[in-house]
Amino acid sequence: MGRSVRMIWLPILLLLLLESGMASDYLMGLGSYDITGPAADVNMMGYANTDQVTSGVHFRLRARAFIVAEPQGKRVLFVNLDACMASQLVTIKVLERLKARYGDLYTGKNVAISGIHTHSGPGGYLQYIVYIVTSLGFVRQSFDALVDGIEQTIIQAHDNIRPGSVYVNKGELLDAGINRSPSAYLNNPAAERNKYKYDVDKEMTLLKFVDNEWGPVGSFNWFATHGTSMGRTNSLISGDNKGAAARFMEDWFDQNNSGSTSSDVSEPNRIPRRVSNIIRIANDNHHELLELAASFESLPGKSTTRFLSLARRVRSVLRQADRPKFVSAFCQTNCGDVSPNVLGAFCIDTGVPCDFNQSTCGGKNELCYGRGPGYPDEFESNRIIGQRQFKKAVELFSAASEKLNGKIDYIHTYVDFSNIEVTIPKEGGGTTTVKTCPAAMGFAFAAGTTDGPGAFDFKQGDNQGNAFWKLVRNVLKTPTKEQVDCQQPKPILLDTGEMKQPYDWAPSILPVQILRIGQMIILSVPGEFTTMAGRRLRDAVKKVLTSGSSKEFGTNVHVVIAGLTNTYSQYVTTYEEYQMQRYEGASTLYGPHTLSAYIQVFQKLATSLVTGKPVEPGPQPPDLLDKQISLLTPVVMDATPIGKQFGDVSADVPKNAAFKRGDNVTVAFWSACPRNDLLTEGTFALVEILRGKDMWEPAYDDDDLCLRFIWSRPSKLSAQSHATIQWIVPQTAAAGVYRIRHFGASKNLLGTIKHFTGTSSAFVVA
């Protein structure tokens, strides 16, 4: 009897042992949510151009998150935002919500919130004055869209936690970024520069997330290039090149939703689309299609519910299959001096290259602009740079084979960067002690860059300043002699670190953080490191982790910088680059030894990560929400001309219209201010395709780069407005009968919000 029992249990025990051997090392979950924000009237964050105000949507912005946890241990949470940068205030409020929902599971120690650095998203969500001057102060709607969206993203990721594995892969991408401040880079020591083949980092590092049951469910990658493919005059909300790359990769995977990555990756010259593969037109006879289209005239605007906008979205969560949604994020790293405008910088008046040292044209910075690969079409440049990142990510994703193994860990502290004593080596041997300074911005900050030139007579490379602007500066705050000496050779234009009225103009207390997933190390930095500054920081941390006293990592450790994370404090250059006082040096807030201070702090954190010894939490940053001032005028009311309704077509497609792929189909509607309802997870614009004789299927929406929602009013104070919807017919569009719809929400004098929709006449794509 005993022998029989043993015989029965033996195969069961063997099966359990095999299953435990194949068991995943980690639990993981991914999530994604809409953070688009107000598509009208709000100044965009990035270029500090007061005329760059949102007036529509190029494509929607999203937050994307991953959680990786040990089954019975620690976890880390990383959130990537289609936003210019993280905000200290947003981070504080998100952490408060996570505390209320999950207790101490997610805290400032193990949560990182990072921005991709698009310059085409709504501003007004940071708490320090210098970053919200052009947005007329704090914009609550921008702030709430981010906080709400991040929270929903994290909830999704948390609810999706399942056993799985994480893989890492790296590869070079050569044609998506150039150095926009080469004269500053050349001031670094020749021996150091000779260690590197390029003057920008060309390496992309990618994580691939594989669910034990479903297979691949996501990817996050880090690559350095600025979010400035869309220029300083663009007014359509856009995730720029990294947001575009994420759209392409998520669509690519869903188009191959078996989870296999064996499909032809050589086709990223063709943007992946799922809809044209799903919908088939039974009868493609051109004459019959024209007759069919003629039977569908434009419909008058009518009242509807908000739900309809959500339900009609192409990627609506209401129509998703019963499997985890694939999430792909293209994260930012040390992009400080890296431009996506890879053709170089040229003078717009003469067409000749700009001055090498100051990026001027005849002494004027306003005429010097970088050119993207699709010049002069910034939309095409954005698509190309996004596509190049997408293509490389697919290659790395498909070939990823190195599995992450080992601890999940994290370490975090707050540091007052306005007065850090830093020990640095002296020439000839020994060490000396230097200090960082209270924040200040130099004259060259106002000159801007070749991605977005400044105004007036400011120039990059200015280490003197001029008397007139110093007088203007002194009206706000005259810097002390100690501050002037500390910031040398930077001539101070704005002494932001010592400006406290009506509240803080710039941060002094910054979060620094390391996240660990096995042999993967993520350095969360609250700013934009230049290429060489990032290299020095990565090397310093890697040296600590792989030193003789640390046998845990050996030599196999992957270190990436997550830029613009948890808060924002502008740029970090090397000491040598700082001396040149180009834009990045003038924007290095805490003086010439800022990078040395970061390296010292991160070396301490890395040492603590290895030894397991805790670090002091440091001084807490301020919560300035109650002090915020907003001067943005609210929406008072919307109106239409007598006899017109919201959603009525004001400019239709021509009768019996037939379009070819590549054509621009344009329709306009009487509309209302998009600030009345952000239509989060919905869409303002929709292209539908006729299936059969009378069933309309969603084909393209706000998430597609080919469809642009452009909002305008005849004058600034007018209550009337138009929504112009442009559809650039993709090469992948199926032949058939189409129509364009608009969704919106109007506000009356009593403040009542009513949703509406409008529909164009049908037309043919042949």
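Predicted model: local features only at pLDDT ≥ 70, side-chain atom pairs only at ≥ 80, totals over all residues.

Student: Okay, and how do strands β25 and β26 pair, parallel or antiparallel?

Tutor: Antiparallel, over five bridges. Strand β25 covers residues 509-517 and β26 covers residues 520-524.

Student: What actually holds strands together in a sheet?

Tutor: Strands of a sheet pair through backbone hydrogen bonds.

Student: Which strands make up the sheet here, and in what order?

Tutor: There are four, in the order β18-β25-β26-β28. The sheet is open and its pairing is mixed. At the edges sit β18 (408-416) and β28 (558-562), each pairing on one side only. On average, neighbouring strands are turned by 15° against each other, ignoring direction.

Student: Which strands does helix α16 lie across?

Tutor: Helix α16, residues 594-611, lies across β18, β25 and β26. The helix runs at about 40° to β25.

Student: Changing topic: which residues does the UniProt "binding site" annotation cover?

Tutor: The annotation, from an unreviewed entry, covers His 117, His 226, Glu 528 and Tyr 571. They span 455 residues in sequence, but no two of their C-alpha atoms are more than 12.7 Å apart, so they gather at one spot. His 117, His 226, Glu 528 and Tyr 571 also belong to the lining of the largest pocket.

Student: Nice! Let's zoom in on His 117. Where does His 117 lie?

Tutor: In the loop between β6 (111-115) and β7 (121-122).

Student: And is His 117 buried or exposed?

Tutor: His 117 has 2% relative accessibility, so it counts as buried. Beyond its close sequence neighbours, within four places, His 117 is in contact with residues including His 226, Glu 528 and Tyr 571. Its side chain also reaches the backbone oxygen of Cys 84 at 2.9 Å.

Student: What about Glu 528, buried or exposed?

Tutor: Glu 528 is at 0% relative accessibility and therefore counts as buried. You can find Glu 528 in strand β27, residues 528-529.

Student: Which residues does Glu 528 touch?

Tutor: Not counting residues up to four places away in sequence, the residues touched by Glu 528 include His 117, His 226 and Tyr 571. With His 226 there is also a polar contact of 3.1 Å between the side chains.

Methods: Residues numbered from 1 in each chain as written. Heavy atoms only, no water. UniProt positions renumbered as here; feature names shortened; annotations may be inferred. 1 Å grid on protein atoms, 1.4 Å probe; cavity = no way out; pocket = protein on both sides within 12 Å on 5 of 7 lines; lining within 4 Å. Helix = DSSP H or I, 4+ residues; strand = E, 2+ residues; numbered from the N terminus. Buried < 20%, exposed > 50% of the residue type's maximum accessible area, 1.4 Å probe, protein only. Contact = heavy atoms within 4.5 Å. Polar contact = N/O pair within 3.5 Å; in protein donor to acceptor, adjacent residues only side chain to side chain. Pairing = 2+ DSSP bridges. Axes fitted to C-alpha atoms, helices over the stretch in contact; angles between N-to-C directions.
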